Amino acid sequence: MLVQKYHCYISVMHKLLNGQNMIPLFTKLQEENYDNLAGNARDHSVSKGIVILCKDDQSSVKRYKCAPFTLFPSPITKDGFQLLTFLQPHINKLIHDVSQDDEFMSSVFQSVIKVDDFTKKLYNIYKASKTSVKQQLQLGIFRSDYMFDCVIEKNRTETYNPKQIEVNTIAASFIGLGSRINSVHCKVLQDAKMKPLTTQMPKNEALTKVAHGLVAAWETYGNSDAIVVFLVEENEANIFDQRALEYAIYEINESIIVKRKTFTELLKNIALSSDRKITVNDEEVAVVYFRTGYTPNDYTNEQFWDVRLKLEKSCAILCPSVGYQLAGCKKMQEVLAQPNVLEKFIDDEDVVQKMRSTFAGLYALDMNSDGDNAVQMARTNPDHYVLKPQREGGGNSSLTELEYF
């Protein structure tokens with residue numbers, strides 16, 4: 001996919017929520033001040049559990065390191081922040097609606113499945129699950145990622161417009177760690193003699209709200225003996241982000257049992273009954289929360305696809321369903337940005353206009369006239385575009401994001 005490149009400079013954006021210029025504040029800090037601030041921030045983050053596992057460590061003892069984070073919070077405009085918080089519920093509903101439209105899903109992915117075996121397997125499971133008596137209850141945990149386009153007007157005034165990078169519909173990470181970084185940033189601002197800016201830091205309640213969502217799904221399933229399964233990678237580096245969510249569930253309802261399972265463990269111990277109940281080691285499963293399954297590398301055994309199909313055909317509440325996962329693909333993002341497509345799913349013209357304003361220029365590289373035109377645009381102005389692969393997570397948007405900086 002070809003993506004139009006904008007002038008997004010989050011790392012050096014000057015304006016905070018109230019338009020206060022931060023550059024004079026930063027220039028007052030000497031190099032040794034940065035070193036002290038960084039050292040204290042690292043200590044603070046570790047004390048808050050903002051750490052990840054060292055996956056490459058070959059020793060028998062598990063070792064951990066501080067998760068990467070910015071020393072200062074990234075400033076954004078108040079108007080942009082309010083626009084994105086307004087749009088997110090509409091994006092959530094859009095993802096759900098497109099995933100339920102079989103004809104639309106078919107039209108979106110018909111070209112992709114011819115050349116992308118991974119997406120083809122996901123789509124085949126989507127179709128196979130639709131032919132069964134499918135459980136209608138699904139849980140969506142979606143995260144939309146943006147950068148701000150800096151536009152300098154003729155009169156030298158600057159405007160910052162949010163542009164959507166992607167919508168994560170499966171395994172959206174850093175719910176736990178991200179909710180804790182707020183206190184670290186507030187302390188950094190205080191130590192840097194910028195304490196007044198802490199009043200402009202929006203609260204991050206993602207951890208509590210997502211935990212409530214998982215609890216609500218478990219309660220809706222209707223069996224107090226059923227468990228919640230976190231489907232995770234082997235040797236997961238981001239385990240503490242996941243554990244934070246698990247422990248948040250316990251704080252809401254301590255009777256819920258959460259068990260971490262890998263595809264390998266499910267393959268050995270999963271069973272689908274005639275009444276569509278899933279059991280793992282003879283324990284009924286109410287909710288399956290995916291933190292893996294979004295790249296070809298997650299399906300190292302072809303039989304893992306059979307496990308995925310069993311889950312889709314079951315009455316367990318999946319987070320996400322394969323339909324939600326497909327709805328978050330880059331191809332879907334491209335199609336939804338085309339003229340007159342949003343109007344098929346959203347009646348409110350104001351919502352359509354505001355949502356479309358956040359879309360970047362997205363162009364398919366299909367083997368047709370549209371694809372030929374996109375290639376020609378890139379050849380004519382190569383500095384105006386970046387390539388975006390049809391993959392989720394694992395740094396697959398890194399090319400785009402690095403180019404934006």
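Mentor: Aspartate 145 belongs to strand S4, residues 143–152 (strands are DSSP runs of E with at least two residues, helices of H or I with at least four, numbered from the N terminus). The model is predicted, with local features requiring pLDDT of at least 70 and side-chain atom pairs 80 or more, while totals for chains, interfaces and linings use all residues. Residues are numbered from 1 along each chain as its sequence is written, and side-chain values use heavy atoms, without hydrogens or water.

Aspartate 145 counts as buried because its relative accessibility is 16% (buried is under 20%, exposed over 50%, partly exposed in between, with a 1.4 Å probe and protein chains only). Leaving aside residues up to four places away in sequence, aspartate 145 touches Lys163, Gln164, Ile165, Glu166 and Asn168 (contact means heavy atoms within 4.5 Å). With asparagine 168 there is also a side-chain to side-chain polar contact at 3.0 Å (a pair of N or O atoms within 3.5 Å, one able to donate a hydrogen and the other to accept it).

Elsewhere, the largest nonpolar core has 60 residues (buried Ala, Val, Leu, Ile, Met, Phe, Trp, Tyr and Cys joined through side-chain atoms within 4.5 Å). Its largest share, seven residues, comes from helix H3, residues 78–99. Methionine 332 touches Val98, Phe104, Met105, Val108, Phe109, Leu326 and Ala327, not counting residues up to four places away in sequence. A second, separate core of 27 residues includes Ile175 and Cys319.
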